[in-house]
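Thanks for coming. Please open the sequence and the structure side by side, and I will walk through a few places in them.

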Amino acid sequence: MTTPVLPEGGPTPAATARDADTLRVAFVGEVDHGKSTLLGRLLLDTGSVTTDRLDVPVEDGGLAFLLDGLTEERADLFTLDTASAVLETGSRRYVLIDVPGHAELLVNMATGASRAEAAVIVVDCRERAAEQTRRHMRVLAMMGVTAVVCAITKMDLAGWAEAEFHTAARQVATLADEIGLTLVAAVPVSAMTGDNVTAASARLPWYAGRPLLDTLADLTPWGDGGAPLRVEAQDVVEGRVLARVLSGELRIGDRLVAPGEDARTALRIERFGEPPQESATTGDNIGLVLSGPPCAPGTLLALSDRRPLRGDRWRVRVLCTAEDGFAEGARCTLRRAGADLSGRIARVERHWDSARRAPDATDRGPVRFSEVAELTVMLDRPADGDDVRVCAPLGRFMLTDGAVRILGLGIVDEIAGEDRR
């Protein structure tokens, strides 16, 4: 049984799954490949919304409008901004993130991907993966979203042809392997008719896999599987540190360290409205009582034997979302979990169109809109961090000019240089 659809961040019923049981899934794909319609079908067929929420009939494309919050989107028939909705099943809570497909809205797409732990790549079975799909897949890999499912859509318009499905699926599998994504499954669907979205379809007798919703149930968030403990202190109230577990598992009695400070012991773990906990895990928002004085907001806590890296020379990859780009030598700020880190772009190692493969040759010239750039950033002072494969929240950041202009979104590849703990 499902609960009604809710906006992400809004109030949730008492039975809502814990944060650690939530999977945030980005839905990406070309314009007109059926992404928004597929999301609408998932919400409708799970009972998360009812037909009276449809202002436009299903046969006229009404499903595509369920997540659209802007009137301009209906007029232009594409998603302008990143929208999200919550869908709950008996075993898991999903945040479904609908991100825009137009190249001009790359910053919205990258922002949506940066919030996700897994993704569904939506590909029209007749048109295959085109340039923007390739770009989206590279952005997913950059944001540390490695587990993806491909929904091969509009099978009804291809007469449910097995050959059309396999041709599209092989193309996406080749791209995923090239880019570094793990393609968990390719699933043939028709969002318009609902076939193989939440239940198996008799129209696809040659398909031996599971429907799309069941396939999503098998995905594992990046926070599972032995990630190191990272706890971000966000505020202090009445001696309790309000914190978020960015990765790993925190237990009563753990000895936690932060740069330049004495170790503290976790004495008590609290969640709002619940009895004290023995532990907390990735995604949990907690109240934490520590031995010794509370740590300041922005402090990053870890176990002494698995500390984050620390240094002032960071190798990063950035997707440029600034229309006028940026260049070597510019002042910048890395905005990420824990703190804003100021510095300068010390070196542009190379850059290339995000829809293409990385070139072998080095190009150190100015970085242009929609390009991926490998940079060396020199911070004003050493800071803690992880590469995106170790702890995604610490390994992802927004690159700004230090003021209000967003230059791009990026990930950390390497941390080196001076370390003054």
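I will go through aromatic rings, the nonpolar cores, some strands and then salt bridges. Keep in mind throughout that this is a predicted model.

Let's start with the rings. A pair of aromatic rings is described by the distance of the centres and the angle of the planes. The count here is two aromatic pairs. In one of them, F165 and W206 sit 5.5 Å apart, centre to centre, with 40 degrees between the planes, and that makes the pair tilted. F165 belongs to helix α5, residues 162–179, while W206 is in the loop between β6 and α6, 41 residues apart from F165. Which of the two is buried? F165 counts as buried because its relative accessibility is 5%. W206, at 21% relative accessibility, counts as partly exposed; the cut-off for buried is under 20%.

F165 also pairs with Y207, this time edge-to-face, at 6.2 Å centre to centre and 80 degrees between the planes. Y207 lies in the loop between β6 and α6 and F165 in helix α5, so this pair ties together parts that are 42 residues apart in sequence. Y207 is buried, with a relative accessible area of 17%. Taken together, F165, W206 and Y207 make up one aromatic cluster.

In soluble globular proteins, nonpolar side chains tend to be buried together. The largest nonpolar core in this model has 67 residues, and the members that touch the most others are F27, L38 and L181. Helix α5 is the element that gives the most to this core, with seven residues. What does L181 touch? Leaving aside residues up to four places away in sequence, its contacts include I121, M137, L140 and A176. Another core lies apart from this one; it has 22 residues, among them V316, C332, L407 and I415.

Now find strand β11, residues 264–270. Five of its seven residues are buried, so the strand is mostly covered. β11 pairs with strand β10, residues 255–257, in the antiparallel sense over two bridges. Here L256 has R264, in β11, as its bridge partner. The hairpin of β10 and β11 has six residues between the strands, and G260 in that hairpin takes a positive phi near 75 degrees. β11 also pairs with strand β13, residues 285–290, again in the antiparallel sense, over four bridges. There, the bridge partner of I269 is L288 in β13.

Last topic: charges. Side chains of opposite charge can pair when their charged atoms come close. How many salt bridges does a search of the whole structure find? The search finds 25. One of them joins K35 and D98, whose closest N and O atoms are 2.6 Å apart. K35 is in helix α1 and D98 in strand β3, 63 residues apart, so this pair links distant parts of the chain. Are these two buried or exposed? K35 counts as buried at 7% relative accessibility, and D98 counts as buried at 1%.

Another salt bridge is between E274 and R271, at 3.6 Å from N to O. E274 is partly exposed at 34% relative accessibility, whereas R271 is buried at 12%. E349 and R347 also meet in a salt bridge, at 2.8 Å. In that pair E349 is buried, with a relative accessible area of 15%, and R347 is partly exposed, at 32%. Finally, D124, R126 and K154 are linked in a network of salt bridges.

Technical notes:
Residues are numbered from 1 along each chain as its sequence is written. This is a predicted model: local features need pLDDT of at least 70, side-chain atom pairs count only at pLDDT 80 or more; totals for chains, interfaces and linings use all residues. Side-chain values use heavy atoms; hydrogens and water are left out. Rings of Phe, Tyr and Trp (its six-membered ring) pair if their centres lie within 6.5 Å; planes under 30 degrees apart count as stacked, over 60 as edge-to-face and the rest as tilted. Buried means under 20% relative accessible area, exposed over 50%, partly exposed in between (1.4 Å probe, protein chains only). A nonpolar core is a set of buried Ala, Val, Leu, Ile, Met, Phe, Trp, Tyr and Cys residues joined through side-chain atoms within 4.5 Å. Contact means heavy atoms within 4.5 Å. Two strands pair if DSSP finds at least two bridges between them. A salt bridge is a side-chain nitrogen of Lys or Arg within 4 Å of a carboxyl oxygen of Asp or Glu.
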